[in-house]
Amino acid sequence: MRLRPWLNSLLLLFLTTTVCAYVYKDYDENLLLKTLPNNAVLASFRFVTNGTYTNHHSLFPRSLAQILSHSNTRELHLKFTMGRWDAESWGAQPFNGQTAGGTGVELWAWVEAVDGPTADKRWTTLTNALSGLFCASLNFIDGTRTIRPVMSFTPDGDHEDMDRLHLLHGSLPREPVCTENLTPFLKLLPCKGKVGISSLLDGHKLFDAQWQSMSIDVRPVCTAPDSCVLQLTQTVDMVLDVERSLQRRDYPVPRPRPREELNCDPNKPYGADGSPCFPRSNIADLPWSISEVFGRPLHSYCPLASEPAEHVCLDVPQERPIYITRDSIEVRHPDGRRCYTLPPAGDFDIILPQQSPALPITPFPEPPLYASRSFTGHGQEHGGVKAVIKNPHPTRPVEFVYLESLPWFMKPYLHTLKTTIYPAPPATGDADLESPVTALYYRPAIDRSRGTHLEASLLLPANSTLILTYDFEKAILRYTEYPPDANRGFDIAPAVITVLKHSPSPQHTLPYTISGAPIQQGHGRVAIRTTSLLLSLPTPDFSMPYNVIILTSTVMALAFGSVFNLLVRRFVGADEVAGKKKFGTVVEKIREKVRRLKGKRKTE
Amino acid sequence: MATPDAPPTPATHPSADDVPIDKSTPDAEPPPELPENARARRYVILSFWLVVVLLGLPLWWKTTSIYRAPLPLRDMQSWADGRACRAEFPLLVEVEAPELSDPEHLIKSAQHALDDANDFSAHHLRLRLASPKLTDSTGNNAEENVAATLKLLPGPARSSHSYQLSNVSREIELFYSPSYNPSSSASSASLSLFVANTLQEIFAEEQQMISHLLSTSTPAPSSASGDSTSGSSKVNHAEIARKMSRILRYSPTYHLTFSLFTGSGTPTSWEIEDAIDEYLQPLLGALSGISNFTIDSQIQFYASPSDNVVPEWQPDGEPAEGEPQRGKWVLKKQDLSSFINSAEWPLASITSYPTINFIIYVPADELTPLSISGSATNAFLLPQWGGVKILNLPVEKIDGERKTHLTREDLKSSLDTFAGQLMSLLGAPAHPSSLPIRLDSLTRQRSAELLTSASSTLGSLYRLTLALPSISIPTSVSTAVSSTLESLQNACQELKQGRVGGEGGALAEGRNAAAQAERAFFEKSMVGQVYFPEEHKVAVYLPLMGPVGVPLVMSAVKELANFIKGWKASRVAKA
């Protein structure tokens, strides 16, 4: 890694940027608001900071730089994601899905090391340190949750010595992402969420979103072979439901709406009075403003961010009127975006009034693939996974990589891996040619030390659906290996689908001018993630060990007792005892007592 | 065992028919058993017991016992009580008196005066006349380290005795009055007394610190602690305790973090790298014999102190006509303890060694100028943590804006303050002015601290092993303990010979001792067993031991009773 004095890079930045007539600084921030169908709003925050690997930091957070240098990490991607991206109605994810991760926490990094074991050690250092920094259970990413993907990921940064870099990937699908992760995220920003667009980030609204993703990407960017900067990109993408946000404002505690406020579809036969209501969608574009959906207005602007100060952009239908705060200037871009400069002091707000009837909203373009994944089968011993991947494009086949990282206690049978394409392609007679699988990488699990890593490169013809299935066996865990609340089940990390060589449509490249170098995350690849799965394993009765101890002890004691008694006790024949019979003495006694009682009565 | 062909019971009573039915009557008894049967039964019971005692118990003992490596408990205890080693700090002072005719006599009487005044025997000064050959070289004897060199020079005319201490060397220049007459006993006594007093004054603080260290850390009262309270040197225990409480635990490496916290978005850059190189690096270089330092820096914008810190506005007199009110914001003393906003300021480091934080806080415009009441430097020290300096930036004349870039010169005063704070955080005495002497003092003091901390860790381990008999002690603990003891022994020897710093000196040995003692105490595998409660054992053993043990014990008791009965009967019969 090249460690450049940081003045050098600054100077070069100046040289490169004077051409563009912009005064670039080492920090920039942007916010894009885009209306999506069904009164949803995508808010996409992006913060970019440049820094160096030296020990003296100004804008770049020292805490993160220290972790990176301590663990010899050259490139880092950390994603916190919650909710589900509704690709059917919203279209493809922004930024080709590169800023979002799978449900929970996903982390991958390129670590510099001479060999694998050293890389593992540094990876452990990295996960532990990040765990402390972001208040997340990242330290639970151990050997069983770590894989080394082969085809799915490529580094975004400029690296010199790729042979020494090891890619490690880990995910925690069960991790609940919450405010305690947002606070350290904000602390990494130069303006700390106090001024600028980061002042809108509030845990209550962010984690109330239908889908939200926080990502931290660090990569080295070299504008010339000799001048490299360490670029930190922090993004927060969230899809807010305007209706829900407004309702929250009126009723902080959720409660059902009165019937007269519901928008029932009268065309439905069951929409009549007293019967269930079928909600009518898109009757109007609801009115909203920044202060309503985020709970507060945008406060001032961050003076550390680069010029020009068009920090907030809106992508709404051209016909929709927008009201803004007085001191702000609107700039209309040819692609339909409307961007605003932030006032030097005071609050900034954007108000969109109600629009009825609703204007047609163009969502994001259609994604290259639709994917879903589910469990099949029944019982506590075996199960199956079925992934349905659909290529909606009428003419273009799609080449992609399907990556699964499974825990060791879910053991797939590779021979059951089957791919079926609908509609079936014309038969050529050659099974190898017909199979959509072009390459397969499989690393089987080792109990308690390594998880399964399955990576398949697939080619899906245009306008067809691929069904990928495989069966697996559920392992029985040891008594102490069950987590608390074992009956809830075990989360299985989402599958990562990477579409290679996807030519992005123009709307995919969102308007961001960042100092330093242009953003080219993922090299034109598109990442799509399925939802996580919940696997239920056979769970034992947790009082079992004591039961076993008591049961075996009882059996042993019984055996011992009878043998011991046989050996020690003296047995005497009944006829050997002179006098009264031994047996029946109790009966005799009772009889005697009864006789006495009778005698007493008679005397009375 | 009774056999069917056993002879019928001889009827001892005449008849059973005419007596009422009674269980206690002997005629309900079974026939007496044969002696060989009784013997066989006895053997059976005995063999069961033999199996239990000879096989079962040892097996149980072997499988459930916890490995406890032998520890030199007695040595550990004696170190913990401070009986094993009486730490001594002999300081050798070389005296150069080129112009005095009889320096030996003077030294002798000065030594007497020193010994009389010294109440802390572990720390004593020894005077020696410098042999001319050695003083030509570096002045440092190869065998013994010289704590200071006293140079006796004639003073200017009509002056009394005086001394001067150089800032950069261990040389004390003592100017004696020209009226000094070696032959006059009064004059000689006055000079020797002055020499003694001078030396005592120079080393007073170190002596107090070391005596405090040794007296507070060892539970057994040493001779020093009792005397020093009434000693002639102005010992202020509260003052020493306050100083000691600031000092960071010793570590071979410290991490220094310089942070610029600004209340707003400016200043945006600072020349901290150059400033550290110029103003702080010389000191860090001098300290490298004791500890090493790693450095980093950061700038944090929009940082505000904790919410409960509210500075007070103090106007400066009456406001002038047409001009804004002049005045300053004042932080009270009680605000300082909560000034650091640890919830929001990113100050944590991931280094394995301790971090010392130095913070320059530039308040926001609306809080400028901000000052600390009663502080000339506008800085304060947080014990065992670091230092904070509040830097108010003047408004620049050209555009009325405040500075956005802090130059090296702007940072000079702050770094000077931090240098002083670093010295007191590390525990260097504030006096005398000579840096080498202060650093020597610090080395001795750190050795004493390491020695006592290693000893007290040994003591804790000793008490722990005695208090928790159920924890295991792996071999690594025992080796670490023996290594600690060895290092402690060496350190004690080195101290007695006055070799403190350098390779194999008392400091290095003490460092090793402390590290080994910590490693022994914090051995991971020792702790695991502690959390297995004793009650669980009952729950595990009882289901088996109960049903098995009861018949065994009962049969043994019964058989014993029978045996005793038979034995008594035979004795009666014999009699």
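Reply: The dialogue below treats the contact between the chains, a recorded span, the nonpolar cores and a single residue. This is a predicted model, in which local features need pLDDT of at least 70 and side-chain atom pairs count only at pLDDT 80 or more, whereas totals for chains, interfaces and linings use all residues. Residues are numbered from 1 along each chain as its sequence is written, and chains are lettered from A and ligands numbered from 1 in the order in which they are written.

Me: At what angle do helix 10 of chain A and helix 1 of chain B cross?

Reply: Helices (H or I, at least four residues) and strands (E, at least two) are DSSP runs, numbered from the N terminus. Axes are lines fitted to C-alpha atoms, for helices over the stretch in contact, and angles run from 0 to 180 degrees between N-to-C directions. The axes of helix 10 (residues 544-568) of chain A and helix 1 (residues 35-64) of chain B cross at roughly 150° and come within 9 Å. The two helices are therefore roughly antiparallel (over 145 degrees). A:Phe564, A:Leu567 and A:Val568 meet B:Arg41, B:Val44, B:Ile45 and B:Phe48 there.

Me: Which residues of chain B does UniProt list as "transmembrane region"?

Reply: Such annotations may be inferred rather than shown by experiment. The unreviewed UniProt entry lists residues 43-61 of chain B. This span is 100% helix, and its end C-alpha atoms lie 26 Å apart.

Me: Which residues have the most contacts inside the largest nonpolar core?

Reply: A nonpolar core is a set of buried Ala, Val, Leu, Ile, Met, Phe, Trp, Tyr and Cys residues joined through C-beta atoms within 7 Å. The largest has 197 residues, and those with the most contacts inside it are A:Val41, A:Val239, A:Leu240, B:Val93 and B:Leu458.

Me: Is B:Tyr176 buried or exposed?

Reply: A residue is buried if 20 or more other C-beta atoms lie within 10 Å of its own, and exposed if 12 or fewer do. B:Tyr176 is buried because 24 other C-beta atoms lie within 10 Å.

Note on methods:
Parallel < 35°, antiparallel > 145°, perpendicular 65-115°, else oblique. Contact = placed C-beta atoms within 7 Å.
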